[in-house]
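Please look over the sequence and the model first, and then read the account of selected side-chain contacts.

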Amino acid sequence: MATRPRMIAVVDDDASMLKGIERLLGAHGFATKVFASAEAFLDLDGAADVDCLLVDIHLGGMSGIELRHQLKASDCKLPVIFMTAFDDEATRMQAQSAGCVAFLHKPFVANLLIAAIEQAAPGT
């Protein structure tokens with residue numbers, strides 16, 4: 001019996017970043033759902049059948065950290081990996097207190113992302 005590939009939801013308002021991550025994850029055997037905003041993720045029930053969420057902290061509307069708080073408030077236990085191009089101590093502390101399993105600084109090396117996903121959503 002075949003198992004389904006792990007599904008990773010990716011939220012980023014940079015279309016080229018979304019496309020690049022989607023290709024990278026596909027090459028590593030992951031399925032992806034991509035969203036251009038936190039609001040789109042929530043509107044389309046992006047957490048359904050997802051094993052891990054990779055989300056940019058600095059989005060055009062609701063931030064990735066606000067999205068994580070909203071998911072936590074609705075008792076969603078989806079593991080979250082934050083990514084950002086603006087790595088400073090305050091942002092890192094906010095991300096950690098929001099409950100992320102990993103924090104990646106853009107641009108990041110592919111193997112760091114894959115390792116973070118393996119930690120957050122181990123294969124079966």
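This is a predicted model: local features need pLDDT of at least 70, side-chain atom pairs count only at pLDDT 80 or more; totals for chains, interfaces and linings use all residues.

A search of the whole structure finds 5 salt bridges, and the table gives three of them.

| Salt bridge | N to O distance |
|---|---|
| Arg 4 and Asp 51 | 3.0 Å |
| Arg 6 and Glu 118 | 2.9 Å |
| Asp 12 and Lys 106 | 2.7 Å |

Arg 4, in the segment before β1 (7-11), and Asp 51, in the loop between α2 (38-43) and β3 (52-56), are 47 residues apart; Arg 4 is partly exposed at 48% relative accessibility, and Asp 51 is partly exposed at 21%. Glu 118 lies in helix α5 (residues 110-120) and Arg 6 in the segment before β1, so their pair ties together parts that are 112 residues apart in sequence. Asp 12, in the loop between β1 and α1 (15-27), and Lys 106, in the loop between β5 (102-105) and α5, are 94 residues apart. Asp 12 is buried, with a relative accessible area of 0%, and Lys 106 is buried as well, at 13%; together with Asp 56 they are linked in a network of salt bridges.

Asp 56 and Lys 106 are also among the residues that Thr 84 touches. Thr 84 has its place in strand β4 (residues 80-84) and is buried, with a relative accessible area of 0%, while its side chain reaches the backbone nitrogen of Phe 86 at 3.0 Å.

Phe 35 counts as buried at 7% relative accessibility, and Phe 41 is buried at 1%.

How values were computed. Residues are numbered from 1 along each chain as its sequence is written. Side-chain values use heavy atoms; hydrogens and water are left out. Helices (H or I, at least four residues) and strands (E, at least two) are DSSP runs, numbered from the N terminus. Buried means under 20% relative accessible area, exposed over 50%, partly exposed in between (1.4 Å probe, protein chains only). A polar contact is a pair of N or O atoms within 3.5 Å; within protein, one must be able to donate a hydrogen and the other to accept it, and residues adjacent in sequence count only if both atoms are side-chain atoms. Contact means heavy atoms within 4.5 Å. A salt bridge is a side-chain nitrogen of Lys or Arg within 4 Å of a carboxyl oxygen of Asp or Glu. Lists of a residue's contacts leave out its neighbours within four places in sequence.
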